[in-house]
Amino acid sequence: MFDNIKATDGFKNSISVAVNSGKLSHALILEGSDDEARFLAATQIASAIMCEGETKPCGVCSHCVKCGKGIHPDLHIIEKTDESTMIKVDAIRNLKTKALLFPNEAKKSVFIIRQANLMNPQAQNALLKVLEEPPSAVHIILLASEGDKIL
């Protein structure tokens, strides 16, 4: 199920139970030193959220396949641009706009914010509104090397 994720069995089991019971929080922070491992975990969790199989993520339904390829229309990746060292408020405003829309194919939309600890203060404050009053069909996964750098 979450075999590719570099995490403890307890974490994998907790996420699995939460997803399968429909009780996964609308927002998660994945913290650790390996950016690629965090991103892989986030995309696996996104697959599980959108999955139509009995065991989530099944890896074979269209949602799992598209998430794995990074082409799912309801999976949104927010990250800093090459021109900037930070994630700016405009990126979060764009997230807020997309979060208000219904998902295209899946029942939920998932937003992954890579290097969330690099959001500038204005971006972090703009994200707070969505985190405090999330749309019902939205999950946000924040990835951070240093979780204490997030408001």
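Guide: Helix H2 makes the largest contribution to the lining of the largest pocket, with 3 residues. The model is predicted: local features require pLDDT of at least 70 and side-chain atom pairs pLDDT 80 or more, whereas totals for chains, interfaces and linings use all residues. Residues are numbered from 1 along each chain as its sequence is written, and side-chain values use heavy atoms, without hydrogens and water.

Visitor: How much space lies in the largest pocket?

Guide: Rolling a probe the size of a water molecule over the atoms shows where empty space is left. Here, a pocket is an open set of points on a 1 Å grid over the protein atoms alone where a 1.4 Å probe fits, with protein on both sides within 12 Å along at least five of seven lines; lining residues have an atom within 4 Å of a point. The volume is the space filled by probe spheres set on the points, which are joined across faces, edges and corners. For the largest pocket it is about 320 Å³. Its lining has 17 residues, and Ile-49, Cys-51, Lys-56, Lys-107 and Lys-108 are the closest to its centre.

Visitor: Which helices each supply at least two residues of that lining?

Guide: They are H1 (9-21) and H2 (35-50); helices (H or I, at least four residues) and strands (E, at least two) are DSSP runs numbered from the N terminus. The lining comprises 8 nonpolar, 3 polar and 6 charged residues, where Ala, Val, Leu, Ile, Met, Phe, Trp, Tyr, Cys and Pro count as nonpolar, Asp, Glu, Lys and Arg as charged, and the others, Gly among them, as polar.

Visitor: Which residues line the second largest pocket?

Guide: Among them are Ile-5, Phe-11, Leu-30, Asp-34 and Arg-38. Strand S1 (27-31) and H2 each give two or more residues to this lining, and H2 gives the most, 3 residues. The space in this pocket is about 180 Å³.

Visitor: Is Ile-5 buried or exposed?

Guide: Buried means under 20% relative accessible area, exposed over 50%, and partly exposed in between (1.4 Å probe, protein chains only). Ile-5 counts as buried because its relative accessibility is 4%. Ile-5 belongs to the segment before H1. Leaving out residues up to four places away in sequence, Ile-5 touches (heavy atoms within 4.5 Å) Lys-12, Ala-41 and Gln-44.

Visitor: How many residues does the largest nonpolar core have?

Guide: In soluble globular proteins, nonpolar side chains tend to be buried together. A nonpolar core is a set of buried Ala, Val, Leu, Ile, Met, Phe, Trp, Tyr and Cys residues joined through side-chain atoms within 4.5 Å. The largest has 23 residues, and those with the most contacts inside it are Leu-24, Ile-45, Val-110, Ile-112 and Ile-141. H1, S1, H2, strand S3 (109-113) and strand S4 (138-144) each give two or more residues to this core, with the largest share, 8 residues, from H2. A second, separate core has 19 residues, including Ile-87 and Leu-127.

Visitor: What does the side chain of Gln-124 reach?

Guide: Gln-124, in helix H5 (residues 121-132), reaches the backbone oxygen of Met-119 with its side chain at 3.0 Å. Gln-124 is buried because its relative accessible area is 8%.

Note on methods
A polar contact is a pair of N or O atoms within 3.5 Å; within protein, one must be able to donate a hydrogen and the other to accept it, and residues adjacent in sequence count only if both atoms are side-chain atoms.
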